[in-house]
Amino acid sequence: LQSINNMQESYRFLNAKDSKNASKAALMALVMMLFGAVIWFIPPWASAILYPDAATQYSSLGAKASDAVYLVFARETMPLGTVGLLMAGLFAATMSSMDSALNRNSGIFVRSFYSNIVRKGQASDKELLRAGQIACLVNGILVIMMAQFFNSLKHLSLFDLMMQVATLLQSPILVPLFLGIIIRRTPKWAPWATVVVGMFVSWSVVKIFTPEFVGSWFGMDELTRREAGEMRTMITIAAHLVFTAGFFCLSTLFYKEETDTHKETTAEFFKDVDTECVAEEGQDIVDRMQRAKLGTLVIYMAAGLTLMVLIPNPLWGRLLFLACAASVFAVGYGLKKSAKLDTQLSKVAATTTQ
């Protein structure tokens, strides 16, 4: 919920052709996250049992040594070639997410700030395109600099860093975004005030209500680094649920309908939210073309994976790569098959109508 239910990721659903497909996209994301959780946790669990001293091999990484368990698992347990396949997958996943994020952020900057505030609607399309390219370049440089900074934090693992950023920074923003859909009768200052209160709550967790301080309430005098990190996450979530969310709910006491100048805009917004979005005619043709092209690309990927069978591995290793290629091929074949099936159904429907 925290990583998906925000405006940064809303394009996953806003780009769907209609409301039904948006619901399907949300359901698919849920199912894939369930499968993803299994994939993410099994290698660390297996490595902790099979290779308890794996982190000591990468002591130069400091507290981030535990992040190398995937590499150890792939190198020691999986067949030859898995490390290369893992790296290719990591780069592909990173690039696919990063280019979308860079383009999205530059688009938000150009359309919401540069075009309306800086140029006041007077900029041409060519100028907006150039501004978007510059914003994308600057954003990319900032991301690289931040990545180098995070890499220098030897005392903090990547997982702990992600959890702390998500709970300490995203939670104050998430509370008004989520509760604002449910609780609609709030003053106009409530969202920003809630974010400020949430930031103070996050600061309190970092500086005052530390894991050691809260743990002393329950007789937990000594905490390991892992226990401290997990407790910090739990304390932060609990604090935001009680104090940040509580502040937003209490702001309803200051709402006065007669002085609400945005009442009509709010009503129109929620009317749009409740109105079902229906796809225009001809959208099915575009969908079929997309599925056909994606299916072809996926089949090509399956062919490339099949070549990994030639890597000198035991029989089980070759069969593992063959199974991976077969699963990828099944997805590509299903996409192309569905595109052809929809074409046949459309022809039958057109003939019946005539």
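Let's start with Lys-263. Lys-263 is partly exposed, at 38% relative accessible area. Keep in mind that this is a predicted model.

What does Lys-263 pair with? Its side chain meets that of Glu-257 in a salt bridge, 3.8 Å from N to O. Glu-257 also has a salt bridge with Arg-185, and there the closest N and O atoms are 3.4 Å apart. Where do these two sit? Glu-257 is in the loop between H9 and H10, while Arg-185 is in the loop between helix H6 (158-182) and helix H7 (190-207), so this pair ties together parts 72 residues apart in sequence. Put together, Arg-185, Glu-257 and Lys-263 form a linked network of salt bridges.

Now accessibility in that network. Glu-257 counts as partly exposed, at 34%. Arg-185 is partly exposed too, with a relative accessible area of 48%.

How many salt bridges does the structure hold? There are 4. One of them joins Glu-127 to Arg-119, with the closest N and O atoms 2.8 Å apart. Glu-127 is partly exposed at 24%. Arg-119 is partly exposed at 30%.

Back to the H9–H10 loop. Ser-251 is placed there, between helix H9 (225-250) and helix H10 (263-274). Buried or exposed? Ser-251 is buried, because its relative accessibility is 2%, and the cut-off for buried is under 20%. Its side chain reaches the backbone oxygen of Phe-248 at 2.4 Å. And what does Ser-251 touch beyond its neighbours within four places in sequence? Thr-186, Pro-187, Trp-189 and Ala-190 are its contacts.

Technical notes: Residues numbered from 1 in each chain as written. Predicted model: local features only at pLDDT ≥ 70, side-chain atom pairs only at ≥ 80, totals over all residues. Heavy atoms only, no water. Helix = DSSP H or I, 4+ residues; strand = E, 2+ residues; numbered from the N terminus. Buried < 20%, exposed > 50% of the residue type's maximum accessible area, 1.4 Å probe, protein only. Polar contact = N/O pair within 3.5 Å; in protein donor to acceptor, adjacent residues only side chain to side chain. Contact = heavy atoms within 4.5 Å.
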